[in-house]
Amino acid sequence: MARYTGIGWGVIPVVAAALSLLVSCNKLADATDSSKTKILASFRQQGIYERNNIPEDTNPNSIKGYYDIIGGAYRYITNENRDGRADAQEISAGDSVSFYFDARIFVSSYDNSKTYFTNSYSRIKYLGNNNPEFDASGWSSDSLRIKVGSDPEILKSVQNVLPGCRVGDEVRIYLPPNVAYGSKSNGVVPGKSTLIFELTSLRMLDYELDEAAKASRTAITDYLTANGIFRRYNVPEGTPEASIAGYYDIVGGAYRWITNESRADRADLPAIRAGNDISFYFDSRIFTGNFDNAATWSTNIADRIDYLAVNNPGIDTSGWSTAPLKIRVGSDTRILNSVQNALASCRPGDIVRIFLPPDLAYGNKQTGLVPAKSTLAYELTNIEITE
């Protein structure tokens with residue numbers, strides 16, 4: 001007798017699940033095909049062509065740039081034609097890098113795409129000013145630091161396009177849904193969404209220096225917050241007004257606190273700009289968590305020099321000048337660029353404390369009395385515009 005080989009009732013749910021999965025996969029495939037069509041249409045409108053695959057009849061004058069397809073992602077380096085790019089360091093898998101990003105949900109072009117997450121301070125501020133329902137509480141505006149290819153904080157498809165990029169590149173990465181979040185929604189990102197990541201300020205990091213810089217930034221913000229100094233436009237909701245003693249800004253990664261910013265006549269004074277000739281006194285210290293007990297390693301303040309001569313005879317202050325330091329902002333080789341950059345928009349008479357994580361100071365190198373990986377704090381006083 002032939003054995004009965006029909007399908008039992010228990011198999012039906014399995015078959016139904018398989019069919020559902022097949023339908024879901026087909027829908028994702030359809031969404032991915034549609035996404036690719038929209039991405040390519042957007043590129044054509046901008047004059048962006050696939051590298052090494054330009055139609056023969058294309059007018060050379062219409063070519064504005066090139067894109068590459070890497071692992072299903074579309075990479076467009078917007079400043080690829082800049083001078084000096086060929087000499088910039090090339091990024092490889094496993095390198096430690098940092099960058100700022102603006103992650104958007106793609107509609108039909110970059111400009112009409114909606115930001116759903118960013119660490120760009122200017123973008124956060126823009127969104128907050130133009131979208132009253134926008135909530136960026138908890139969003140960091142520090143650069144994202146990753147090890148390329150193995151970091152869990154950002155999509156693998158984003159990391160996979162970074163090898164071959166160079167320091168200073170500005171990179172737009174278009175992700176069809178099959179290399180983004182697929183059919184599943186992720187936070188405010190609907191399922192089957194096409195994403196764009198724009199990466200800026202791309203640079204290489206030394207891993208040990210990067211870890212020291214992270215710890216430094218935490219120590220700086222802890223010190224400032226403990227003294228009632230909050231980041232401008234980013235005061236935690238519910239903070240009592242009476243507990244706010246002042247504000248700090250992050251300028252090019254440096255932390256700037258103008259300690260006498262609230263004085264009455266300040267708004268009437270001219271703002272300092274790059275190229276201005278200025279003079280000031282300074283006290284440069286090695287910051288370890290508190291400005292007041294930080295060790296001075298260089299200064300031109302006579303009282304401070306006398307104090308060091310009495311209390312720290314191990315420091316040789318002979319030859320230290322007590323004249324005000326005169327510089328042209330942005331182009332003086334005697335003081336760190338990160339200090340000069342932080343002077344932008346300061347005003348005569350400001351008392352400015354500038355805190356520099358080690359990656360913006362002397363990095364891994366010992367410099368004179370300053371150990372490697374040190375956090376520095378500068379206090380600038382008697383600032384005048386001399387031109």
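**Exercise 1.** Determine how many aromatic pairs a search of the whole structure finds, and classify the pair formed by F43 and Y67.

*Solution.* In this predicted model, a search of the whole structure finds 14 aromatic pairs. For F43 and Y67, begin with the geometry: the ring centres are 4.6 Å apart and the planes make an angle of 15°. Since planes under 30 degrees apart count as stacked, the pair is stacked.

**Exercise 2.** Classify the pair of F117 and W139, and decide for F117 whether the residue is buried or partly exposed.

*Solution.* The centres lie 4.9 Å apart with 85° between the planes, which makes the pair edge-to-face. F117 sits in strand β5 (residues 114-118), whereas W139 sits in the loop between α2 (121-130) and β6, so parts 22 residues apart in sequence are tied together. With a relative accessible area of 35%, F117 is partly exposed, while W139, at 18%, counts as buried.

**Exercise 3.** Identify which residue lies over the face of Y110, and which over the face of F291.

*Solution.* Over Y110 lies R172, at 3.6 Å from the ring centre; over F291 lies R353, at 3.8 Å from the ring centre.

Notes
Residues numbered from 1 in each chain as written. Predicted model: local features only at pLDDT ≥ 70, side-chain atom pairs only at ≥ 80, totals over all residues. Heavy atoms only, no water. Phe/Tyr/Trp six-rings, centres within 6.5 Å; stacked < 30°, edge-to-face > 60°. Helix = DSSP H or I, 4+ residues; strand = E, 2+ residues; numbered from the N terminus. Buried < 20%, exposed > 50% of the residue type's maximum accessible area, 1.4 Å probe, protein only. Lys NZ or Arg CZ within 6 Å of the ring centre and 35° of its normal.
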